[in-house]
Amino acid sequence: MTVDPIDVVIVDSGGANLASLQFALERLSARSLVSADGEVIRRAPRVLLPGVGSAQDAMARLRATGLDGVLRELRQPLLGICLGMQLLYRRSEEGDTPCLGILPATVRRLEPAKGRPVPHMGWNRVHARRDVALLDGLEDGEHLYFVHSFAAPVTPDSVAVTDYGMDLTAVVQRDNFSGTQFHPERSGKAGARVLYNFLRLPACS
Amino acid sequence: MRDGRVVKGVRFRGHTVVGEIMDLAARERDEGAGELVVYDITASPEGRSVDREWVRRVAAVLDIPFCVAGGIASVADAEAVLAAGAEKVSVNSPALADPALIARLAARFGSQCVVVGIDSETTAHGYRVHALTGDPDRARDSGRETLAWAQEVQDRGAGEIVLNCMASDGVRRGYDLAQLAAVRAVCHVPLVASGGAGEIAHFEAVFRDAGVDAALAASVFHSGLIRISELKTALARAGVEVRP
């Protein structure tokens, strides 16, 4: 019996909103599988960690299924998207939630200011600080689509930043773990390029 | 949308078919639209929720944010629309009938997912919120004042407000700058202007004078009167930050 090889497993963290990501992967002819099964995720060539809802709900679901431990120990490329990226950090101010702790920083609440409503919703420029494969083919200052009320501060792991009153982490990467604060699946051609780059990362085991 | 086709009216009346949803969705995507919003306008008046099948078909071809509105009256309705591929749901009449719906949606999906549409009419008694506007025979004053409702929906967890100024809708004489600026003053979430766009200068004015975060338009884009690509070039020249 042969099994169709897949390119990426999407972690089903209980958010309703996996369809747009699946559609984006289909447009790239990528074979994806949605799963909450620790074994399936461990064996995946690459792992996408999306997130909708709040940090406390998402972490509660990951802990209840033991996936928090599975994710921490992964060696293959992982990309967290939006809340999925924030979960990689040590802690989030959203519900004062301990997160996966893969990255050493605390995700902070955005404060609204004149001309800067919160949630931050819209197309914002992204500037690379390091040359990484995930950002191949993107121009400096490319617009990508953000929707968030919390954000990660800029740390040495921030490979790209965006300015919303202050510099925030737009793309983070440490070892095999990476994340985007923006939604690549809804960021036009530039976003599709980020997903394409992720799918091209070697699936080391 | 009405009965599966894209329609546009003038001041919420006399809707005529302007095209097929898949054609228009793909065209506005390719033209550089920053987000697509689709209203199933007869869903609430007919007491039903938006049809998920077309949500799914549209979502599959869009690589930009996608917001869907139409009779979304429960967490389950919203879940189905989001599962079909929308990013955001917009509620209008259901929120007026059951304001606590906004908080339930925000708790489940996060505020960023919850848009409140406000259809606001200019009357002798000030700006008033109208409900069931998709059907001219059933549309009515909700009994609410627009500025108070804008504040209330934010308190309840709305992550974005689309203000549709009914007196300006479809007549292409420009956005209602005074009303939008008044709502802007009480709005700390993203504010989207809707109703009245007729020429490029109207877009420049609404960003400059009303301080909105985004401008929504329908007929001028669908008819080809304004091309989004040209509009964005003009806005950038006027100093408005836009995605090229």
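Visitor: At what angle do helix α1 and helix α2 of chain B pack?

Guide: Two packed helices are described by the angle between their axes and the distance between the axes. Axes are lines fitted to C-alpha atoms, for helices over the stretch in contact, and angles run from 0 to 180 degrees between N-to-C directions. Helices are DSSP runs (H or I, at least four residues), as strands are (E, at least two), numbered from the N terminus. In this predicted model, local features need pLDDT of at least 70 and side-chain atom pairs count only at pLDDT 80 or more, while totals for chains, interfaces and linings use all residues. Residues are numbered from 1 along each chain as its sequence is written, with chains lettered from A and ligands numbered from 1 in the order in which they are written. Here α1(B), residues 21–31, and α2(B), residues 52–61, pack at about 30°, with their axes 10 Å apart. α1(B) is therefore roughly parallel to α2(B); angles under 35 degrees count as roughly parallel, over 145 as roughly antiparallel, 65 to 115 as roughly perpendicular and the rest as oblique.

Visitor: Which residues of α1(B) and α2(B) make the contact?

Guide: Two residues are in contact if their C-beta atoms, placed from the backbone, lie within 7 Å. From α1(B) come B:I21, B:M22, B:A25 and B:A26, and from α2(B) come B:W54, B:R57, B:V58 and B:V61.

Visitor: How do α8(B) and α10(B) pack, and at what angle?

Guide: Helix α8 (residues 200–210) and helix α10 (residues 228–237) of chain B pack at about 45°, their axes being 10 Å apart. This makes α8(B) oblique to α10(B). B:I200, B:F203 and B:E204 of α8(B) form the contact with B:L231, B:A234 and B:L235 of α10(B).

Visitor: Is B:D30 buried or exposed?

Guide: A residue is buried if 20 or more other C-beta atoms lie within 10 Å of its own, exposed if 12 or fewer, and partly exposed in between. B:D30 belongs to helix α1 of chain B and is exposed, with 10 other C-beta atoms within 10 Å. The C-alpha atoms of B:D30 and B:S229 are separated by 9.3 Å, although these residues are 199 residues apart along the chain.

Visitor: Which residues touch the most other members of the largest nonpolar core?

Guide: A nonpolar core is a set of buried Ala, Val, Leu, Ile, Met, Phe, Trp, Tyr and Cys residues joined through C-beta atoms within 7 Å. In the largest one, of 137 residues, they are B:V89 and B:I161. Helix α6 of chain A (residues 188–200) gives the most to this core, with five residues. Among the residues that B:I161 touches are B:V116, B:A150 and B:L191.

Technical notes: Lists of a residue's contacts leave out its neighbours within four places in sequence.
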